[in-house]
Amino acid sequence: MPRIYISKNEISEKKAVLEGERANHISRSLRMRVGDEITLCDKERTDYTGVIEKITSDKVYLDIIEEKRSEGEPTYRARLFMALPKSDKMELIVQKAVETGAYEIIPFISERCISRPDESSGRKKVERWNKIAESAAEQCGRGIIPAVHGIVSYKRALEMAAEDKESFICYEKEKELGVFEALAPLRDCDCEGLSISFFVGAEGGFSEEEANAARESGIKSVSLGKRILRCETAPMFMLSVLSAMLEK
C-alpha cells in the first residue's frame, strides 16, 4: 500500500485532502483510482488508512477508515553521530541508517575527516540528506521522518551526546568492552523513549585523543568486534545490533 506523509492538521473529521505533488503522484505516477487505499502518516508515529473518495485534476480526497500507531517505529531513539566521510558515502549512510531505525543523524567534523565542506556547500548537502531520509522513511514504513542535522564540531557533538542516558563511541582500538556487553543491561529494560547515542568515525576512525575526550564526557568506548568495518558499514551494524537486542 502506498505511504504518504502528511501533517496532523491535514486530517479533520476523518477526512483528508492531498494536493500538489502528492496528488499528482497518486493519480498520475501510481495511477490509483477511487476506492483504492493509501497509508497516511502524520510523522508523529501514527498511521491512517485512507480510501480514495474522489480525484480531481489537482486534488485527491480521502475517507479515513482506520487510525493506529506506526508499526515500523522503534520505541527507543537511536542518534547516529557520524563523522563526515569522503565523496557521496554519506548519502548511503543516511538511507540505510533510516531503514535500520535511526531516530536522527548528526554529522560532525573529526580530526581525520577529509571532507570539510564550507557553510554554503554544507547546507546544500544537509538539504539533500534530508530528502534522502524522507524517501527512505517512506519506503520502509517509518512513523517519523528522521532528521539530518546541520554539520557540527566534534566538541559540540560530544556535548549533545552527553545529554543522553546511554552513549557510545565505536572505537577500533577498544579491547575491553564489546558492543553486546555494553548493551546487555538494556535488553530487559523499558526502552520507551530511551535516547541512545553512538559515534562512528570517518575513514581512519578516531584519534586516541578523540576517544579519550569522549570517555571524559561520559561516553563509553565500545568495540564492534574482531573485524575493522568501513565507515559506511559500522552505522548499519550498530543499528542492527540495537534492533536485534531492543526491539520486542
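Two strands pair if DSSP finds at least two bridges between them. I keep that in mind for the hairpin of E4 and E5, where 4 residues lie between the strands and Lys43 takes a positive phi near 65 degrees. A note to myself before going on: this is a predicted model.

**Entry: the open sheet**

I looked up the strand order. I find 6 strands in an open sheet, running E1-E4-E5-E6-E3-E2, with mixed pairing. Strand E1 (3-5) and strand E2 (11-12) stand at the edges with a single partner strand each, so one side of each has no neighbour in the sheet.

Next I followed E4. On one side, E1 and E4 pair in the parallel sense over 3 bridges. On the other, strand E4 (residues 37-41) runs antiparallel to strand E5 (residues 46-55), and 5 bridges join them. Of the 5 residues of E4, 4 are buried, so the strand is largely enclosed by the rest of the structure.

I then turned to what lies across these strands. Helix H1 (residues 21-29) lies across E1, strand E3 (15-19), E4, E5 and strand E6 (59-69), and I note an angle of about 90 degrees to E3.

**Entry: Cys41 and its bridge partners**

Which residue in E5 is the bridge partner of Cys41? I find Asp47 there.

Is Cys41 buried or exposed? Cys41 counts as buried, at 0% relative accessibility.

**Entry: cysteines**

I checked for disulfides and the count comes to 0. For Cys41, the closest cysteine sulfur is that of Cys140, and at 11 Å it is too far for a bond; the cut-off is 2.5 Å between the sulfur atoms. Cys231 is in no disulfide either, with the nearest cysteine sulfur, in Cys113, 9.1 Å away. Cys231 is buried too, with a relative accessible area of 8%.

**Entry: aromatic rings**

How many aromatic pairs are there? I get 6 aromatic pairs. I looked at Phe108 and Phe206 in detail: their ring centres are 6.3 Å apart and their planes are at 5 degrees, so I log the pair as stacked. Phe108 lies in strand E8 (residues 102-109), while Phe206 is in the loop between strand E12 (195-200) and helix H6 (208-216), so the pair ties together parts that are 98 residues apart in sequence.

The charged end of Lys54 sits over the Tyr61 ring, 4.6 Å from its centre.

**Entry: Leu229**

Where is Leu229 found? I place Leu229 in the loop between strand E13 (220-222) and helix H7 (234-246). Leu229 is partly exposed, with a relative accessible area of 30%. Leaving out residues up to four places away in sequence, Leu229 touches Leu224, Ala234 and Phe237.

Last, I looked up how Leu229 stands to Asp58. They are 171 residues apart in sequence, and their C-alpha atoms are 48 Å apart in space.

How values were computed. Residues are numbered from 1 along each chain as its sequence is written. This is a predicted model: local features need pLDDT of at least 70, side-chain atom pairs count only at pLDDT 80 or more; totals for chains, interfaces and linings use all residues. Side-chain values use heavy atoms; hydrogens and water are left out. Helices (H or I, at least four residues) and strands (E, at least two) are DSSP runs, numbered from the N terminus. Contact means heavy atoms within 4.5 Å. Axes are lines fitted to C-alpha atoms, for helices over the stretch in contact, and angles run from 0 to 180 degrees between N-to-C directions. Rings of Phe, Tyr and Trp (its six-membered ring) pair if their centres lie within 6.5 Å; planes under 30 degrees apart count as stacked, over 60 as edge-to-face and the rest as tilted. A charge sits over a ring if NZ of Lys or CZ of Arg is within 6 Å of the ring centre and within 35 degrees of the ring normal. Buried means under 20% relative accessible area, exposed over 50%, partly exposed in between (1.4 Å probe, protein chains only).
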